[in-house]
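Please look through the sequence and model below before reading the briefing. The notes that follow are grouped by topic.

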Amino acid sequence: MTDTLFALSSGRLPAGVAVLRISGPEAAAAVLALCGVLPPPRVARYGALSDPRTGETLDRGLILFFPGPASATGEDVAELHLHGGRAVVAAVLRALSALPGLRPAEAGEFTRRAHANGKLDLAEVEGLADLVAAESEAQRKQALALASGALSRRVEEWRVGLVSALALIEAGIDFSDESDVSGEVTMDAVARLARLKEELLAALTDAARGERVRDGLVVAISGPPNAGKSTLLNRLAGREAAIVSALPGTTRDVLEVHLELAGQAVTLLDTAGLRETSDLVEAEGVRRALARAEGADVVLWLCDTGSQPPPALAHAVKVRTKIDRDAAIPLGWIGISAASGAGVDTLVSRLEQEADRLGGREPALITRERQRRALEVATLHLERALGDFGGHEELRAEDVRLAVRALDQLIGRVDVEDVLDALFSTFCIGK
Ligand SMILES: Nc1nc2c(ncn2[C@@H]2O[C@H](COP(=O)(O)OP(=O)(O)OP(=O)(O)O)[C@@H](O)[C@H]2O)c(=O)[nH]1
Ligand SMILES: [K+]
Ligand SMILES: [Mg+2]
């Protein structure tokens with residue numbers, strides 16, 4: 001018999017309202033035990049909740065019942081909307097755990113049941129995890145699309161296309177005595193596979209963008225010592241996150257600040273000033289500074305004299321600093337005074353343009369490394385299936401079957417247990 005799960009599904013207490021969720025075969029019995037009545041499906045009822053053992057009223061709140069399978073988990077689900085006090089919630093949780101067949105849910109266990117009951121495929125579960133974690137507008141949009149099945153639907157279309165091409169290839173094998181018919185259906189199949197390959201490649205090309213939006217863009221501030229890098233970081237962060245001093249070589253460790261720019265999550269890095277130095281600690285700072293700048297999506301090269309960045313950072317956005325002291329801005333540079341704030345708006349607009357360019361407007365289809373890898377495998381098999389098999393069409397059919405399998409892995413139709421275990425452990429309890 002399946003356990004009935006319960007957990008606090010809303011956030012940290014105390015809060016205005018706390019939502020407890022119950023899912024499983026005993027959900028209706030649990031509501032009856034605590035509330036005395038079972039509200040009609042999907043209609044909120046206000047009433048008292050009492051401890052079934054003592055009859056003592058524990059709280060008054062809203063009670064909802066969603067009979068399965070038309071519920072979030074596919075099982076009978078109940079929601080209790082209580083006053084969000086710690087003692088209130090603790091008392092109701094205690095009363096629930098005393099009921100037969102009920103136990104506290106583990107992290108992500110409601111979602112795991114939804115997946116087991118066919119409510120969500122693996123890609124949609126990943127979307128849900130991303131939605132709960134989303135901090136920027138772009139992350140929210142992308143996660144919502146994934147959770148709502150945007151990727152799953154597209155993969156299903158691809159899968160249908162592959163399976164129909166496979167049917168043609170198999171028909172060609174059956175007709176191999178009549179070489180005319182056989183050659184024609186094979187050509188038709190290959191043409192379909194070629195079109196599908198283009199679609200898969202387009203989604204793959206766009207995957208880097210999806211992963212970037214999900215992870216957030218990395219913007220590194222680089223430049224010689226004393227350029228005013230930490231001063232700019234503090235201004236953009238709106239707080240004194242980094243130490244500023246007139247001493248060149250102040251910053252050594254890489255400092256991270258999280259911002260939202262043009263709807264994109266951005267990690268802004270302050271780094272050590274680049275120079276030759278015999279100080280071992282500073283030298284390590286310089287090494288890290290260069291490494292992080294080279295790996296960043298956008299580099300700001302700050303300099304108060306207008307010297308060019310090293311070749312590795314030639315693509316940087318060039319920023320002439322301290323224009324309050326000397327306003328000669330080289331051509332193609334943005335001039336700022338991080339101290340007074342002059343020119344910082346222009347720099348921020350430029351960063352917003354970069355964020356727009358890198359993140360795009362429409363949500364990407366592929367947003368995780370796992371999804372990208374599965375799609376890469378599918379594309380690889382599809383490329384192979386387009387080869388010349390010298391009449392051995394059964395080999396072509398096998399490559400198409402492997403491509404289908406990779407798509408099945410992408411949305412979790414096969415081989416999902418390991419992925420699910422790792423994924424659900426990232427969920428919070430009550431989700
Ligand atoms: N006049 C003027 N001084 C500035 C400006 N920005 C920073 N400074 C000064 O320049 C000095 C160095 O500033 P920091 O922000 O520490 O420079 P940094 O690039 O982080 O330096 P390191 O971490 O040592 O590489 C400090 O004395 C700042 O007050 C500016 O816009 N105008
Ligand atoms: K400094
Ligand atoms: Mg600094």
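In sorting residues by class, Ala, Val, Leu, Ile, Met, Phe, Trp, Tyr, Cys and Pro count as nonpolar, Asp, Glu, Lys and Arg as charged, and the others, Gly among them, as polar. By that scheme, the shell around ligand 1 has eight nonpolar, eleven polar and four charged residues. This is a predicted model, in which local features need pLDDT of at least 70 and side-chain atom pairs count only at pLDDT 80 or more, while totals for chains, interfaces and linings use all residues. Residues are numbered from 1 along each chain as its sequence is written, and chains are lettered from A and ligands numbered from 1 in the order in which they are written.

**Ligand surroundings**
- Ligand 1 is surrounded by 23 residues (a residue is near a molecule if its C-beta atom, placed from the backbone, lies within 6 Å of it), and the closest are Gly228, Ser230, Thr251, Gly273 and Ala339.

**Annotated binding site**
- An unreviewed UniProt entry annotates Asn226, Ser245, Leu247 and Thr250 as "binding site"; such annotations may be inferred rather than shown by experiment, and the positions are given in the numbering used here, with feature names shortened.
- These residues span 25 residues in sequence, yet no two of their C-alpha atoms are more than 8.1 Å apart, so they gather at one spot.
- Asn226 sits in the loop between β7 (217–222) and α9 (229–237), where helices (H or I, at least four residues) and strands (E, at least two) are DSSP runs numbered from the N terminus.
- Asn226 counts as buried because it has 21 C-beta neighbours inside 10 Å, whereas Thr250, with 18, counts as partly exposed; the cut-offs are 20 or more other C-beta atoms within 10 Å for buried, 12 or fewer for exposed, and in between for partly exposed, with C-beta atoms placed from the backbone.
- Leaving aside residues up to four places away in sequence, Asn226 touches Pro248 and Gly273, and Thr250 touches Ser230, Ile243 and Ser245, contact meaning C-beta atoms, placed from the backbone, within 7 Å.

**Helix α11**
- The 16 residues of α11 (residues 344–359) should span 22 Å at 1.5 Å a residue, which agrees with end C-alpha atoms that are 22 Å apart; the expected span is 1.5 Å times one less than the number of residues.
- Buried in α11 are Leu347, Leu351, Glu354, Ala355 and Gly359.
- They cover an arc of only 115° around the axis, which puts them on the same side of α11, the arc being that of the directions from the helix axis to the C-beta atoms.
- Exposed Asp345 and Arg357 are carried on the face of α11 turned away from its buried side.

Terms used:
Contact = placed C-beta atoms within 7 Å.
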